[in-house]
Structure formats: structure tokens, C-alpha cells
Amino acid sequence: MIKSVMPLSFIIALRFFGLFIVLPVISVYALSLEGSNATLVGIVVGGYALTQVIFQVPFGIMSDKLGRKGTIIMGLFLFAIGSLICAIATDIYTLMLGRLLQGSGAIGAVVTAMISDIVKEHERPKAMALMGMFIGLAFAIAMISGPLIGGFIGVPVLFYITMALALISIYILVKKVPNPPKITHTYNEKLNLKDVLGNANINRMHITNFLQKALMTFAFLVIPILLTKTYGWEKKELWYVYLPAMIFGLLSMAPAAIIAEKKGKFKEILALGILFFIISYLVIGFSSSALVFSIGVVIFFIGFNMHEPIMQSLTSKFAKVHQRGSVLGVFNSFGYLGTFIGGILGGIMLDSIDLSSFSIIIAVICILWLILIVTMPNPSKTKSIYLDLNEYKLNQIVLNDTSKIEEWYINNSENIVAIKFDEKNISEDEIKSLLR
């Protein structure tokens, strides 16, 4: 499992690193460009997310129909071109164009779906957690290296780095990532939008991704601007706050993932993360010194890193095998829409609303969000078995009994049938006996 998932996790981590590395400094940099104001800076910070929203679902559907690898390569090329335009931009509108083009390479859901294809059901939580850990590590390194490289060498260099990483990712994908198996699922009807948006638990995860990413983007907009404009920090000093934030964030990530995946406490971890968001924004909004402000930033990243490694895994647990690409596409679209809205509202806030009032609004929204999560059930414990079709028969009367079998599909590449079931309703030995 590790050998198959590691290259894909590395690819998605490199791509997120390319996005994350500019976040600590892009708002201050964009504000210095010709024609800029706070609202336009907000669009630049969250702009890539707008095209992610537009292209995430088409990329997910394309990958379901035409294949994962080719779709990922196309997205990485678009991201590289957008990064180059950002690097050479001298005015706010060219930078905005580059950010929009960066976002058009919407491959996040495709990579996640490919990981789901490659690994077996019982290994998927570990694979998703590994991917989340890689993203978290990329996030931590980017938060430190971004201010240092951007402060000492210049922000355009950061965009050249992101372009190079996108091209390296294409090489890794072609040379190191195995082709996903050919799957025949058990659903004869065509997938429609109702399948993707008709599940209440999946919709809760869509809303969760939207709000989490909105709060993150808003944080990255105001943190560098307030620290440099209000408290007199230099860009190269921003790592003073990002370093402890990342250390505490990483320390919170592993326990959160273990408790959620091993103990089945997904909603409890999500709820705890939301509580950290509420506390952090109230501290940030009513801070009277750089130290108090920095403490609020640290608390925010603890909550953020608790959420990050488990959200996609939890969403995939609620989706059927033929829905994964599309469901995760919608899930990521909600996240990127949140990123865009967070940037826009952050820019408007800096122009017209004081931070303390806005922090109270955020706290109220988070309380409503908390209620939504508390009423969500944790996913049921299921077990999966993989039977060799040379040894077992495809008895569809047995397999299509939804009171006992939750889901099944055929892995044509390995000539096996994968069966997901609840042990409360039927045992593994019973299934094997019925299919012999």
C-alpha cells in the first residue's frame, strides 16, 4: 500500500506546497502592485479557488470516464502555466489572471479518487491519513520557507518554484505511479447530480470543507497584513508566528487522525476543531498586542490541522465506489468556493469592517456549524473482503441483497470481487459459503 500511495501523496503534497508557499506573503506582495486595493488583493488570495470551483467537478467526472492519469497531467500543466504568469506579473490584474489559471488545474479530487482506486477498502483510511500527513507537512514547510524566501529573495521566486514542482510532479506521476485497476461496479444506472447531492451526511462534509477553507483564507489574508501594518513586522519576520503555529498544528494532526480513524470518533474531532476556530478568531479579533494575536494564530492552526487529515477520508466513506470521483469533486469544489469567498470577504472587511466585529460574526457561524456536525452520525463500522473469482462465483442474488451487502464491485485487473458488508448482518464465512 505504501509503495503505491507514496508517489501520489507526494504529488498532491507538492501541488499544495506550491499553493501554500505564497499564502503567508501574497497579500502584502499583491498590495504593493500597480492598481491594487484590499478587495482586489482578496480576489488574488482566493482567486485560484474560483476556477477550482468551476473545474473541480468536470475534472472528477472526466477522470471517472477517461482515466485518472491523463486528467492529472492536464491539471498539472495548467497549474505550471498559471505559476509562470504569476511570476512575471507586474500589476494586480496579471497576477489575478495567473492565480485563476493556477486554479483551473483542478486535480485534488482526482488524486484522492485514484488513491481510493489503488488501495483496498480496509487500507484506505491509512492511505488517506498518509496523504493528509503529507499535505500537513507541506503546509508546515511552506509556512516557514514562504516568508523567508519571499522576504529575502522576492515573492516572484516562489511562483517559479511552484512551476518547477508542477513539472516534477508530472514526471513522478508517469514514472512512479501505477495505473489504477479497471473496476466494474454494480450500479447500472447513470450517475446524476442527485446521487452526489442527495446524501445528508455528504452534504454536511461539503459545508464543513466550505467553512474550514473560508476561515483559512481569511486568516492568511489578515495575518500578514495586520502583523506588518499594525504591529510593524517585516515580511521576513512572519515565520516567527508561523513556526510555532505549524509545530503545534503538526503535533495535533497525528492524534486527531488516530482517534478519528482507529476509534471512529470523526465527528468528535471535527467538533473539537471547530471549538478551536471559535476561540482563535475571538482571540485574534480582540487582541491588543502582537503576542496575543500570535497566540490566536497558533490556536487556529491547531484546529485546522486536526481537520485536514480526516475530512476527505470521512467523505469517501459516505460515497459509493462509482461516486467517488464525482463526490470528491463536489467536496473539493465546496472547499475552493470557501477559499474564494473567504478571500473576498476578507478584502471587503479590511476596507470597511473592524476585525473585532467580524470575529464575532465568525464565532456565531461556527456555533451553527458545530450544531450541524454534532447531529451527524459517525460512519458505520464495515468490513471488506476480496475474493478470487477463480475460486468464488458471482452470485448476484446474494451480492445484491442490500440488507446484508452494503456494496460490491469487480477488480478486473486482479480478477477479484470486493465486498463491503456489516458484520452485524452477515459474517465473512457466510459470504464465502454462499459464493462457493
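Is phenylalanine 300 buried or exposed at 1% relative accessibility? In this predicted model, phenylalanine 300 counts as buried, because its relative accessibility of 1% falls under the 20% cut-off. Phenylalanine 301 is likewise classed as buried, with a relative accessibility of 0%. The rings of these two residues form an aromatic pair in the edge-to-face arrangement, with 5.2 Å from centre to centre and 80° between the planes. An angle of 80° is assigned to this class because planes over 60 degrees apart count as edge-to-face.

Aromatic pairs number 14 in the structure. Ring pairs join Phe300 and Phe301 to a cluster that also contains Phe218, Phe220, Tyr242, Phe277, Tyr281, Phe304, Phe358 and Trp369. A contact of another kind involves phenylalanine 79, where arginine 15 lies over the face of the ring at 5.3 Å from the ring centre.

Two or more lining residues are contributed by each of the helices α1 (2-20), α7 (124-152), α10 (200-229), α14 (311-318) and α15 (324-352). The largest share comes from α15, which supplies five residues. Classified by residue type, the lining of the largest cavity consists of 13 nonpolar, seven polar and two charged residues.

Strand β4 spans residues 416-421 and is mostly covered, with six of its six residues buried. In a regular strand, side chains alternate between the two faces of the sheet. In β4, Ile416, Ala418 and Lys420 are buried on one side, and Val417, Ile419 and Phe421 are buried on the other, so that both faces are covered.

Two strands pair with β4. Strand β2, residues 383-388, pairs with β4 in the antiparallel sense over six bridges. Within β4, phenylalanine 421 stands opposite lysine 383. Strand β3, residues 405-411, also pairs with β4 in the antiparallel sense, over six bridges. Alanine 418 of β4 is the bridge partner of tyrosine 409, and isoleucine 416 of β4 stands opposite asparagine 411. Strand β3 is itself mostly covered, six of its seven residues being buried.

Threonine 162 counts as buried because its relative accessibility is 0%, under the 20% cut-off. The C-alpha atom of threonine 162 is separated by 30 Å from that of serine 280, a residue 118 positions away along the chain.

Note on methods
Residues are numbered from 1 along each chain as its sequence is written. This is a predicted model: local features need pLDDT of at least 70, side-chain atom pairs count only at pLDDT 80 or more; totals for chains, interfaces and linings use all residues. Side-chain values use heavy atoms; hydrogens and water are left out. Rings of Phe, Tyr and Trp (its six-membered ring) pair if their centres lie within 6.5 Å; planes under 30 degrees apart count as stacked, over 60 as edge-to-face and the rest as tilted. Buried means under 20% relative accessible area, exposed over 50%, partly exposed in between (1.4 Å probe, protein chains only). A charge sits over a ring if NZ of Lys or CZ of Arg is within 6 Å of the ring centre and within 35 degrees of the ring normal. Helices (H or I, at least four residues) and strands (E, at least two) are DSSP runs, numbered from the N terminus. Ala, Val, Leu, Ile, Met, Phe, Trp, Tyr, Cys and Pro count as nonpolar, Asp, Glu, Lys and Arg as charged, and the others, Gly among them, as polar. Two strands pair if DSSP finds at least two bridges between them.
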